Amino acid sequence: MLIKNVRILGGDPVDITVVNGLIAEIAPAGTADGDAPAVVDGRGAIALPGLVDLHTHLREPGREDAETVHTGTQSAARGGYTAVHAMANTMPVADTAGVVEQVWRLGQEFGLCDVQPVGAVTVGLEGRQLAELGAMADSAARVRVFSDDGKCVDDAVLMRRALEYVKAFDGVVAQHAQEPKLTKDAQMNEGVISGRLGLAGWPAVAEEAIIARDCLLAAHVGSRLHVCHVSTAGSVEIIRWAKSKGWNVTAEVTPHHLLLTDDLVEQSPNGSYNPIYKVNPPLRTRADVEALRNALADGTIDVVATDHAPHPVEDKETEWAAAAMGMVGLETALSVVQEAMVDTGLLDWAGVAERMSVTPARIGRLSGHGRALEVGAPANIVLYDPSARAEVDPSAFASKSRNTPYEGMTLPGRVLATFLRGKPTVLEGKLA
Ligand SMILES: [Zn+2]
């Protein structure tokens, strides 16, 4: 296959020849041999290594009404992803070799995007005893990321044991940092707006206290910690401090925490008290958003992860207090990152590739992903047109769910094509 006229990381136009799923040749545009059996015209699009998500909820098994491995990987492919980490809070919970292998196999079967299961840290996400971490690591799914995401491993002794245990197979514990007592019944960011709206506040300290504790624990036992969906300026300061000590701590931020703020709960184009903005951790303040953007730019926060959280309409279109928390994100992530980080001058395309492909693959220990687009590398490639602009239309999503906060917003950029080991999964912006 020949992929004509693309700009790797926004550089000079080239032609990429793909043979047997690998990049076989990269030549100046117009000079490659045109006899390839299949030709894709990149029309000057930016080529990035296929995106890698560290934080996706695919909902299967158990909540196939919200998403399945099939629809979730279709959604991922449309967003430019070639690998996603599937979170463990399914029904049953992914806390055994059997469940993680089932999820991994489904991903292989559909072949749209590699699905790397995340294993639960504790049995049933109940926070009482460690799950079979070693069995999941040794399974066909080769689990390396462990998380009770959706819930916090708040017991310090269990967290310590998990951090110690994963060292044996170079794993990492990904913590959903939420002190449960400080956030009991919490509904939105604790601040001026929650006070005015009379909604129970979700204080920044509930996140920051756990992150500080876990950084100290990870350093104490010499293990790897990954912090999920960092949402406050204070969390950034703690992570910056931990990194300055040389500790093995990485962190992610979601696209929505890079763009949206808590005042949308009070007033938005979608009305007030609209549960489309209800998410865990909650949307924070403008000052937090600024701190998160700067931290992603300077490397304090390592990666963008979507926290793609599909929910059926009946779970979101209800009163605020009863609504489920979460937003879909795979199909809008790159556009939101362009809006928040590239069009603001904070990141270039090489920086985006680093934070949405190279580093997440390294944290998840996915050797076949996140590789520079060079001869010999797997042809995991996304072609992206940053000059496109379009209104977000959830009815066009491949995801089974529609709970996007960007409906009706105009966002930049469009994924034109995605290739998984040379096989097109998306062409002309549509599933291939
Ligand atoms: Zn979470």
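Along the chain, the donors of the zinc ion follow the spacing D-x26-H-x52-H. Donors here are N, O and S atoms within 2.8 Å of the metal (3.2 Å for Na, K and Ca), and water is not among the atoms, so sites may look incomplete. This is a predicted model, in which local features need pLDDT of at least 70 and side-chain atom pairs count only at pLDDT 80 or more, while totals for chains, interfaces and linings use all residues. Residues are numbered from 1 along each chain as its sequence is written, and side-chain values use heavy atoms, with hydrogens and water left out.

The zinc ion is held by Asp149 (OD), His176 (ND1) and His229 (NE2), at 1.9 to 2.3 Å. Asp149 sits in the loop between strand 8 (145-146) and helix 4 (156-166), and His176 in the loop between strand 9 (172-175) and strand 10 (188-189), so the pair ties together parts that are 27 residues apart in sequence. Helices (H or I, at least four residues) and strands (E, at least two) are DSSP runs, numbered from the N terminus. Asp149 and His176 are both buried, that is, under 20% relative accessible area, with exposed meaning over 50% and partly exposed in between (1.4 Å probe, protein chains only). His229 is buried too, with a relative accessible area of 3%. His229 is found in the loop between strand 12 (225-227) and helix 7, and has a positive phi of about 20 degrees although it is not a glycine.

Next comes the helix pair. The axes of helix 6 (residues 204-221) and helix 7 (residues 233-244) come within 9 Å and cross at roughly 10 degrees; axes are lines fitted to C-alpha atoms, for helices over the stretch in contact, and angles run from 0 to 180 degrees between N-to-C directions. Helix 6 and helix 7 are therefore roughly parallel to each other (angles under 35 degrees count as roughly parallel, over 145 as roughly antiparallel, 65 to 115 as roughly perpendicular and the rest as oblique). On the helix 6 side, Glu207, Glu208, Ile211, Ala212, Cys215 and Leu216 meet Gly234, Ser235, Ile238, Ile239, Trp241 and Ala242 of helix 7, where contact means heavy atoms within 4.5 Å.

Leaving aside neighbours within four places in sequence, the contacts of Leu334 include Leu48, Leu51, Trp349 and Val415.

Ala45, in strand 4 (residues 39-49), is buried, with a relative accessible area of 3%. The C-alpha atoms of Ala45 and Leu416 are separated by 8.0 Å, though the two are 371 residues apart along the chain.

Cis peptide bonds join Glu60 and Pro61, with omega about 5 degrees, and Asn280 and Pro281, with omega about -5 degrees. Pro61 is in the loop between strand 5 (51-56) and helix 1 (69-78). Arg421 has a positive phi of about 45 degrees although it is not a glycine, and is partly exposed, with a relative accessible area of 40%.
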